[in-house]
Amino acid sequence: MTEIIQKVKNLSIGFKSKKGEEILILRNISTNIKKGETVGIVGESGSGKSTLALAMMGYVKQGLYTIGGECEFNSSNLLKMKNRDLEKIRGRKIAMIPQNAGQALTPNLKIGYQIDEALQLHSDLKEEEREQKISELLNKVRLPSPETIALRYPHELSGGQQQRVAVAMALAGTPDLLLLDEPTTGLDVTTQAHVLELLNFIAKDTGTSMVYVSHDLGAIAQVSDRIIVMYSGEIVLEGPSRDILKKPIHPYTYGLLKSIPKLSLAGLPQSMPGSQPQPGTMHRGCSFFDRCDFSEEKCKSNSPQLEYLEELNTSVRCFNHKSLMNDSQVNQTVNKIKTSLQDKEILNISEVSISYAKQNLLDQVLNRISDDNPTVKDININIKKGETIALVGESGSGKSTILKSIAGLLRTKGGVIKFDQKRNLSSDLKERDPNDLRIIQLIFQNPDESLNPNHTVEEIIAQPLKLYFGLKGEELKKNIKELLQKVRLGEFYMSRYPRQLSGGEKQRVAVARAFAAKPDIILCDEVTSALDVSVQAAVLNLLQQLKEDFGTTYIFVSHDLAVVRAISDRVAVLYQGRLCEVGPSKDVYQFPSHPYTEVLLGAVLEPDPDIKPKLVAEDIVEEKPPQKGCSFQGRCSRILGDICKNEIPPWQITNSGNSIRCHIPLKELQKDQIN
Amino acid sequence: MKLDNIYQEEKKSNFAKVSEIIITMASRPSGFIGLSILIFHVILAFISPYIAPYDFKAINPTLMLQAPSAEYWFGTDDLGRDVFTRTILGGRTALTITFFGSLIALLWGGLLGIFCGLVGGKTDDIVMRIVDAFLSIPWILAMLLIVSLLGTSTEVLIPALGFFYGKGIVRVARAATHDVIAKDFIVSARARGHSNFSIIWNEIIPNVRDAILVEGAMRWSWMLLGFSSLSFLGFGVSPPTPDWGLMISNARGLMSFAYWSVIAPIVGLSSLIIGINLTADAFAKALGIDRSTKAPV
């Protein structure tokens, strides 16, 4: 047996509520981290996964305190140690990589200086040796030209590079244990895949143990040897990563895996009902009882203990794991989406370009935008009634910018947006007809921000009803109730404030508000990316249902290709504000495709240890679209030469009907990509 | 669903909300002290005319500069008037004028700040530069000018004080609006086509109200000090109306041998200012706008 480096024993952490009750965030957690292994801790927000990771370095957040148990490292309990002793361990023995490296780095100090600081604290190297070590570390995290990177400030690096610097700083003290708290969550898909690959390499190269905390089973699957699944402050399942992902024997993990959309499956995954109980509300019985498909009477009053199964090397907290053991292959069933496509075109976007450039005085006076290299250019999409079209791309690809222009929030520089083939939508919000505003509604990414915290649900939904239809009194109430029913929320939600709702419920309210205007087109801006996986599927299913009922057209913006695959009829891939590929979603996900689509598809992380991401292109970040030629020339691995740099590529149409904008002939693209 | 019972908190009436805030304020020692002092002063202002033992303007040369005694608790001043009577009456004018002055400051400062924050662009630039220009004028000089031109009547003092103390609120309200304006619910309201007025009234004010009220409460105490300074200089309340600033001004020359006639108004004025300050602090904490939060680690 390998050496155990961290032993968590019966750990409970909690806080005292205003009434003096003890509320537990972590309930009786016991686990061991062995030398050299990578353990993934996965759970929804509020499951206590971050609290557990922080406790492993002897830190308990303000307001929380240790109720019982210990975290033993090198045979001493970290939670009882004095700060002075902890300082010697943190950084040297246990290092932490935070979620947002951009915020964790000091903005006014150069990268090299910050790493040097870490080295001074956590190693005994002399000054000359330290300089050597800095470039060694930067090399190890695969940053290009370490000497110049060391002289830069954090803001001069991209998100992925900042995260790499954070890894380098954590490695400065050659720690035995590395704690990673959602290290790739804020990054683009391609960057994320690269950072994960780097972490894998470092784990092998240095033999460091890692604890990887994430809500993303896809990311966890790529890095971890062992997985701990947490639910409501408890460990519900713990075991080797392959077994857990392939044959989960806890109903929660089973349901979770079923609710994740996958690239290989078109259609919406099944959703899990309900949401995780709030801390302090569970007293008796299994915490997953409400949402469990396998629950029995005894689950209601008795809470199951964590049971260790010798033959599987797995611990599980469920009475019924035996029945799941026999048939727990995750057979994902999807609800095929019905297309309600009509021939009529509802929105024509032609030659649209949008610029963020600051106007000079003359242009301001003449009220025009002059910019020969605008952020978004040459957008031509015709959207049919009842269609769901998805705009896909990494951050900075201009997908949200296009949405804003359709909504009238951002003036276009040129081009026409036409509704119903006859009405020109004015590019300025103030000049738009109220009815034109009504037909296009927005749903935002983060329901915490899109709902006024000081309004009740009733007041929130009443706003469009009052504005567009002038409803009052009883009729208004009746309409609100109907809308709440449509999004599957009870009447009693009317008097609640957004803070009293869970993330999924808030997003449902936002959906209800959008539908209140009886719109023809709904713009969805990353509507599921702020939600937990189990809730995401439910919101997607709801959107699909409403679309079938009302015949609404969706323009769906997302960076998550699997979600897009699940819900959309057609996909438009954008890079640097230029279209790369447009086509029916089933064809875009097949080859041949645009080299950029290939990169995106390769970087998708699936919750399956056997499917590794393909890293096709470098994850460099380009600040500005190129002046001429193909927008993807800077990162393309198939670049032909001068033609890509000088000429805008032509549209090529494949047999199945998707258009690809590339200089490479389709046949060659196909040949290269299938291999 | 069982989970629906988690949140019992229902929509509360305004009265319930206000009383909850006051209870939270009073549950801290500093808040309790502040509230007690403030309430004491307010009650005193209402009832002082009825409990004053003597006539505040009765001059009696035979009783000049008496030391505190059982008959004259705080002694008498240089004209033989009872200092206790004048002290308990001395806060009335200041309290009333500055209270209404603060309301005016809150109203115009708050609304203009919110408007500038929402509209932005050139309008915002121009208005804010004008506000900056006014901020650079020492208020006491400007006040002296106004008072000497228009007189020291209440109708002049309230709007003038309200104007000069509202400039700062413009900035606070504008900054608070900027915090809110970037949120998606404002973008959403704009995209729906609501008017500026509707956005200010429905979306912004509920979210910036607390910050502006706290700022207004702080301004009240500053204004009180400012008003007393005016009286001290002889431009506020005109004699023989009792006022702390005026009393301090009159008695300061006699401080070395008749300290009682100056100490009583000083205690009155400073206790009221401290009371308002503590209350404003407790108010901010009760609303969750705590400016002294520590870093998380």
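Glu238(A) has Ser315(A) in β13(A) as its bridge partner. The model is predicted: local features need pLDDT of at least 70, side-chain atom pairs count only at pLDDT 80 or more, and totals for chains, interfaces and linings use all residues. Residues are numbered from 1 along each chain as its sequence is written, and side-chain values use heavy atoms, without hydrogens and water.

Strands β10 (residues 234–240) and β13 (residues 314–316) of chain A pair in the antiparallel sense over two bridges. Strands pair if DSSP finds at least two bridges between them; helices (H or I, at least four residues) and strands (E, at least two) are DSSP runs, numbered from the N terminus. In chain A, eight strands make an open sheet with mixed pairing, in the order β6-β7-β8-β3-β9-β10-β13-β12. Its edge strands each pair on one side only:

| Edge strand | Residues |
|---|---|
| β6 of chain A | 94–97 |
| β12 of chain A | 307–309 |

Among the buried residues are Gly160(A), Val165(A) and Leu171(A).

In chain B, Ile43(B) is found in helix α2 (residues 29–51). Ile43(B) is partly exposed because its relative accessible area is 45%.

Note on methods:
Chains are lettered from A and ligands numbered from 1 in the order in which they are written. Buried means under 20% relative accessible area, exposed over 50%, partly exposed in between (1.4 Å probe, protein chains only).
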